[in-house]
Structure formats: structure tokens, C-alpha cells
Amino acid sequence: MLEIAIPGRPPLRATHLVLDLNGTLTVDGTLLPGVAARLQALRSALTIVLLTADTFGTAQAVAETLGAALTVLAPDDGGAQKLAVVQQLGADNVIAIGNGRNDALMLQAAALGIGVVQAEGMAPAALAAADVIFTQVNEALEALLNPRRLVATMRP
């Protein structure tokens with residue numbers, strides 16, 4: 001469990017980290033450098049769950065590399081499917097990271113929604129739904145490894 005006390009918010013006691021795959025952890029299906037090591041460090045506190053429509057056909061290999069659970073979504077209405085996964089895990093226990101329009105519902109529902117703006121950009125709906133935005137997923141993962149960074153950004 002990852003506990004973060006952010007003033008002005010209920011205490012966060014997360015058990016799951018739910019991540020969009022394409023555009024968040026990978027670019028064109030290739031895992032971004034540094035992601036595996038940071039997720040490995042977080043695995044002692046959080047169950048890692050990857051969500052993807054597997055556009056590039058690399059999801060299974062990436063999930064195995066990361067030691068993460070994988071849910072492959074149907075290509076239509078990914079947003080509702082991602083929301084359903086977060087709700088099944090218990091949204092109050094979930095930290096979600098994503099960048100796409102189909103990530104907006106999960107970012108909004110999660111106890112902590114983190115948006116990342118990278119090579120694919122970020123959809124306005126995801127931007128509006130996120131609690132905090134980072135310019136790289138590795139920065140977001142570092143903030144989870146060093147939660148005082150989140151506290152400094154998110155406190156009232």
C-alpha cells in the first residue's frame with residue numbers, strides 16, 4: 001500500500017497503479033527508458049495494472065517485462081472499459097496515469113489521477129480530469145516514489 005497525506009484531501013491509501021500503455025508507458029509500442037526500473041520500485045507497494053487496446057501488438061511482452069497485470073480492451077469505447085476496471089479495483093484505492101481521451105473517465109474516478117504530456121500529446125478531456133499533470137511518465141513515477149513532491153504540488 002502507498003499512503004500519501006495531501007492536506008485538504010482524504011488520506012490516499014492506494015493498492016493499485018493503473019496505467020494506460022500506449023502513449024503513457026510506450027511510444028509506438030516501445031517501452032520508454034527508465035519506466036521498468038521505476039515500476040519495479042513501486043511494485044512492493046502497488047499492484048501494477050496495464051490497460052490497452054494493444055494497437056502495436058506489444059502489450060503482452062511489455063506486461064511480462066514489467067511484471068504487471070494486463071487487460072486488453074476492445075478497440076471501441078475504451079474509456080468506459082478503463083473506468084470499469086478502476087471501479088472493479090475500488091476507485092478509492094487506485095492511482096491512474098494516462099494521456100488520452102479514453103483515459104479521462106479513469107483519471108477522474110481514481111483516488112489520484114495523473115496526466116502525462118509526452119510524444120502523443122494529451123487530450124483536453126484527460127487534462128481536465130487529472131488531479132496533477134507531468135511532462136513525462138518517469139516524472140510521475142518519481143513523484144509516487146517521493147510523495148512529498150505530490151504534497152507540495154497539490155496542497156491548498
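**View 1. Asn 99 sits in the loop between β8 (94-98) and α4 (104-109).** Helices (H or I, at least four residues) and strands (E, at least two) are DSSP runs, numbered from the N terminus. A note before you zoom in: this is a predicted model, in which local features need pLDDT of at least 70, side-chain atom pairs count only at pLDDT 80 or more, and totals for chains, interfaces and linings use all residues. Residues are numbered from 1 along each chain as its sequence is written, and side-chain values use heavy atoms, with hydrogens and water left out. Asn 99 counts as buried because its relative accessibility is 3% (buried is under 20% relative accessible area, exposed over 50%, partly exposed in between, with a 1.4 Å probe and protein chains only). Its side chain makes a polar contact with the side chain of Thr 24, at 3.3 Å. Such a contact is a pair of N or O atoms within 3.5 Å; within protein, one must be able to donate a hydrogen and the other to accept it, and residues adjacent in sequence count only if both atoms are side-chain atoms. Not counting residues up to four places away in sequence, Asn 99 also touches others, including Asp 20, Asn 22, Glu 120 and Met 122 (contact means heavy atoms within 4.5 Å).

**View 2. Helix α1 (residues 35-42) has Val 35, Leu 39 and Leu 42 as its buried residues.** They lie on the same side of α1, because they cover an arc of only 55 degrees around the axis; the arc is that of the directions from the helix axis to the C-beta atoms. As a reminder, an α-helix has 3.6 residues a turn, so residues three or four places apart point the same way. The buried residues of α1 pack against β3 (16-20), β5 (30-31), β6 (47-52), α2 (59-66) and α6 (137-145).

**View 3. The largest pocket has a volume of about 190 Å³.** On a 1 Å grid over the protein atoms alone, a pocket is an open set of points where a 1.4 Å probe fits, with protein on both sides within 12 Å along at least five of seven lines; lining residues have an atom within 4 Å of a point. Grid points are joined across faces, edges and corners, and a volume is the space filled by probe spheres set on the points. Of the 18 lining residues, Asp 20, Asn 22, Ala 53, Lys 82 and Asn 102 lie nearest the centre of this pocket. At least two lining residues come from each of β6 and α3 (78-89).

**View 4. The second largest pocket has a volume of about 160 Å³.** Its lining includes Ile 4, Ile 6, Arg 9, Asp 92 and Leu 112.

**View 5. Met 154 lies in helix α7 (residues 148-154).** With 15% relative accessibility, Met 154 counts as buried. Met 154 and Arg 9 are 145 residues apart in sequence, yet their C-alpha atoms are 9.2 Å apart in space. Leaving aside neighbours within four places in sequence, Met 154 is in contact with Ile 6, Arg 9, Leu 112, Asp 131 and Val 132.

**View 6. Asp 28 has a positive phi, near 55 degrees, in a residue other than glycine.** Look for Asp 28 in the loop between β4 (26-27) and β5, where it counts as exposed at 55% relative accessibility.
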